[in-house]
Amino acid sequence: MKKNLYTAEASATGGRSGHVRSSDSVIDMDMSVPEGLGGKKGATNPEQLFAAGYASCFQQALIVIAGRENLKLSPESTVQCAVTLFQDGESYGLSAVLDVDLKDMDQQQAFGLVNKAHQICPYSVGTRGNMEVELKVAGQAAPVAADKE
């Protein structure tokens with residue numbers, strides 16, 4: 001049974017060259033087209049915010065899975081997320097690469113944790129079937145288990 005845990009609220013004005021603010025004002029920043037596409041310095045963009053959210057959420061999913069398996073992740077472990085904006089004909093889309101470094105963990109064990117985290121992470125669940133997501137462990141492509149529906 002679905003149980004709502006939290007709802008985030010934010011508003012935007014001015015599109016990619018505008019401003020975003022969360023309902024609690026923790027996020028209160030100018031937005032811009034990415035600098036490499038002619039945008040201004042010192043402003044963020046939707047792809048950066050998505051990458052930060054996905055990386056953070058995926059790291060938490062790893063912590064949850066490790067806890068279920070009585071493992072402790074290194075406090076130095078990291079999740080890098082690269083989000084790419086692309087154009088396909090008249091429409092636009094996103095793709096993501098998650099590169100997980102679990103430091104001193106055995107590579108096969110790390111592959112297993114990454115796949116299990118990918119099954120429960122809300123960003124992974126939300127994007128499944130809608131955008132390409134590549135998983136890596138310390139820069140090496142992770143074999144991806146079949147997605148659960």
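Predicted model: local features only at pLDDT ≥ 70, side-chain atom pairs only at ≥ 80, totals over all residues.
Gln59 sits in helix 1, which covers residues 46–68. Now show its surroundings. Setting aside residues up to four places away in sequence, Gln59 touches Leu73, Ser77, Thr78 and Val79.

Next, move to strand 4, residues 78–88, and pick out Ala82. Is Ala82 buried or partly exposed? With a relative accessible area of 41%, Ala82 is partly exposed, because that value falls between the 20% and 50% cut-offs. Its contacts beyond four places in sequence are Ser95, Ala96 and Val97.

Which residues have the most contacts inside the largest nonpolar core? Select Tyr54, Phe58, Leu62, Cys81, Leu98 and Leu102 to see them; the core itself has 29 residues. Colour the elements that give two or more residues to this core: helix 1, strand 4, strand 5 (91–101), helix 2 (107–120) and strand 6 (132–137). Helix 1 supplies the largest share, nine residues.

Finish on Leu98. Not counting residues up to four places away in sequence, Leu98 touches Tyr54 and Phe58, then Val79, Gln80 and Cys81, and also Val133, Glu134, Leu135 and Lys136. Among these partners, Tyr54, Phe58 and Cys81 are also on the list of residues with the most contacts inside the core.

Terms used:
Residues numbered from 1 in each chain as written. Heavy atoms only, no water. Helix = DSSP H or I, 4+ residues; strand = E, 2+ residues; numbered from the N terminus. Contact = heavy atoms within 4.5 Å. Buried < 20%, exposed > 50% of the residue type's maximum accessible area, 1.4 Å probe, protein only. Core = buried A, V, L, I, M, F, W, Y, C linked by side-chain atoms within 4.5 Å.
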